[in-house]
Amino acid sequence: MVVNVQSIPSPAIHTEERAHEADHPSSLLATFGVDQPLRLDCGIDLAPFQIAYQTYGELNADCSNAILICHALTLDQHVANVHPVTGKPGWWETLVGPGRPLDIDRYFIICANVIGGCMGSTGPASTNPATGKLWGLDFPMITIPDMVRAQAMLLDRLGIDTLFCVVGGSMGGMQVLQWTAAYPKRVFSALAVACSTRHTAQNIAFHELGRQAVMADPDWRGGRYFEEGTHPHRGLGVARMAAHITYLSDAALHRKFGRRMQDRELPTFSFDADFQVESYLRYQGSSFVERFDANSYLYLTRAMDYFDIAADHKGVLAEAFRDIKTRFCVVSFTSDWLFPTSEARAIVHALNASSARVSFAEIETDRGHDAFLLDVPEFFEISRAFLHSAGVARGLKTGG
Amino acid sequence: MAKMIEHGSKVLDVGCGEGDLLLLLESRGIDGRGIELSREGVNRCVSKGLAVVQGDADTDLVNYPDDAFDYVILSQTLQATRQPRVVLENLLRIGRRAIVSFPNFGFWKMRLQLLVGGHMPRTENLPATWYDTPNIHFCTIKDFVQLCGEINVKMERAVALDLYGRPLRLNAPWWFWNMFGEQGVFLLSRAGKTR
């Protein structure tokens, strides 16, 4: 029997563009010199560093209409514009745009690439000014609080004292919660979607699976792949395939693919992608490695694993939100088994215990964790209404 | 019901439906929050900008801290809870006062349908059939008063309402309310605490 193993093809295109974006992003850029270090939780001061960000809309006269979007693990600051590497539309164009729930005719929207990312903010794919080489694994370990601290420094630079709202899903939702815990007076309202206040053992397990896949790829070269002219595309591709399954649901996979074959009626009795779902996953893997840096994936998954808001409050989550005046909206999706509704309920209970003002809605969908990125009308309605009522409470003038 | 609540109070509406009462309270300067069981109800409330969370009166009230609210409202929901006594106890732990309204099973029309018709009553206020109703714990005004006595709850005000929610304005003994009030509305507080 001939074993015809179709591995994930090496990304011939885009590697150069991606590497270029890490240092010279197609975005606005805020640079911070040695006199303005980012104080990291691990004890190291990162200086100099830079933050790449995008903005949409106009800041109003009293700086009261700024919304910060926090992006998820493998996303970036290109929320509502064409992605400079892939050419695809912005990842939240369904939610952000003229007349959308995050209406760029009413609000000033900012999204920054997280520290540790690979689309222009300082991270393992950036050049280390001290050595002239890429940081690689010399980059210090970063945490979600570090990401938020950097975002706060960016807002200081932009002259924005208080955010009208901070919005995010998944890892972005974790940042939203961290914002309210760390800077409660700087956040008027918060929309936390499909997230939790800490990773469960299962969440950590899945991330570890992905990291091990990357590190087991012989082309990873201990993180020095760029210098050695290789790229751990197989390992990273497999990591992405595993992660992508966690972003979907059993029902949705069955609905989209079932046991249907790809372009054939009989099995080939080989390890080719006979099933449509196999072909789909291989495509997800290969398209991912074109746009994302392997080391960055290691660092950011680690940051999510370390995140635990209640840890600083002796395990009592309600203490993190004591006396908070921020208006909250927490959203979860029924088929999301990565961050299930029970996690959202824990957040809601903690907020109730602190007498914070919270709305909580669980949205019925079979599209799993990824639902927050997709066209889910109920989610848009709720986001729009929440922002509208927060706007009324803040006295925002209706524009547009 | 809204008239019983002072301006500036903090209120929790348990079983808030589509948020009509909360909107009314908000228009009167009252900080209202809500819990609602049905997902559609919650989403409609949140779409109206209300601070409403999805939850079950039987299981989720325990997550609220003591004295979190000035008033906790349970409107036309008591008879649909699985453990009415526990729910009432929780209401008066979470709120300094509770306002509870419920359909009075002792209403003369209900009695007549059972006595003469021999079937489970159906009225304009309670139109559901016996096999299709969420109402599993009916009581009369007399039953409710008795329960309040058992759990050491003080009745500050009691009003019997007709079908259209208008109070029966008569000075009359309890048996009268039990017979002619279609709904009961009670303002409750914890007994034995001096203010």
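A: Two strands pair if DSSP finds at least two bridges between them. Helices (H or I, at least four residues) and strands (E, at least two) are DSSP runs, numbered from the N terminus. The model shown is predicted: local features need pLDDT of at least 70, side-chain atom pairs count only at pLDDT 80 or more, and totals for chains, interfaces and linings use all residues. Residues are numbered from 1 along each chain as its sequence is written, while chains are lettered from A and ligands numbered from 1 in the order in which they are written.

Q: Which residue in S3(B) does B:Arg33 stand opposite?

A: B:Arg33 faces B:Ala51 in S3(B). Strand S2 (residues 31–36) of chain B is joined to strand S3 (residues 51–54) by four bridges, in parallel. S2(B) also pairs with strand S1 (residues 10–14) of chain B, in the parallel sense over five bridges, and there B:Leu12 stands opposite B:Arg33.

Q: Which helix belongs to the β-α-β unit of S1(B) and S2(B)?

A: A crossover is right-handed if, with the strands pointing away from the viewer, the path from the first strand over the helix to the second runs clockwise. S1(B), helix H1 (residues 20–27) of chain B and S2(B) form a right-handed unit of this kind. Another right-handed β-α-β unit consists of S2(B), helix H2 (residues 39–47) of chain B and S3(B).

Q: How many residues of S2(B) are buried?

A: A residue is buried if 20 or more other C-beta atoms, placed from the backbone, lie within 10 Å of its own. In S2(B), five of the six residues are buried.

Q: Why is H3(A) described as largely enclosed?

A: Of the 12 residues of H3(A), 11 are buried, so the rest of the structure largely encloses this helix. Among the buried residues are A:Met174, A:Leu177 and A:Trp179. Their cover includes strand S5 (66–70) and helix H8 (294–306) of chain A.

Q: How many residues of chain A are in contact with chain B?

A: Two residues are in contact if their C-beta atoms, placed from the backbone, lie within 7 Å. By this criterion, 20 residues of chain A touch 16 residues of chain B. H11(A) gives the most to this side of chain A, with seven residues.

Q: What is the mean pLDDT of chain A?

A: pLDDT is the predictor's confidence in each residue, from 0 to 100. The mean for chain A is 93, and 96% of its residues reach 70 or more. Over residues 1–6 of chain A, however, the pLDDT is below 50. Where pLDDT is low, the predicted coordinates should not be read in detail.
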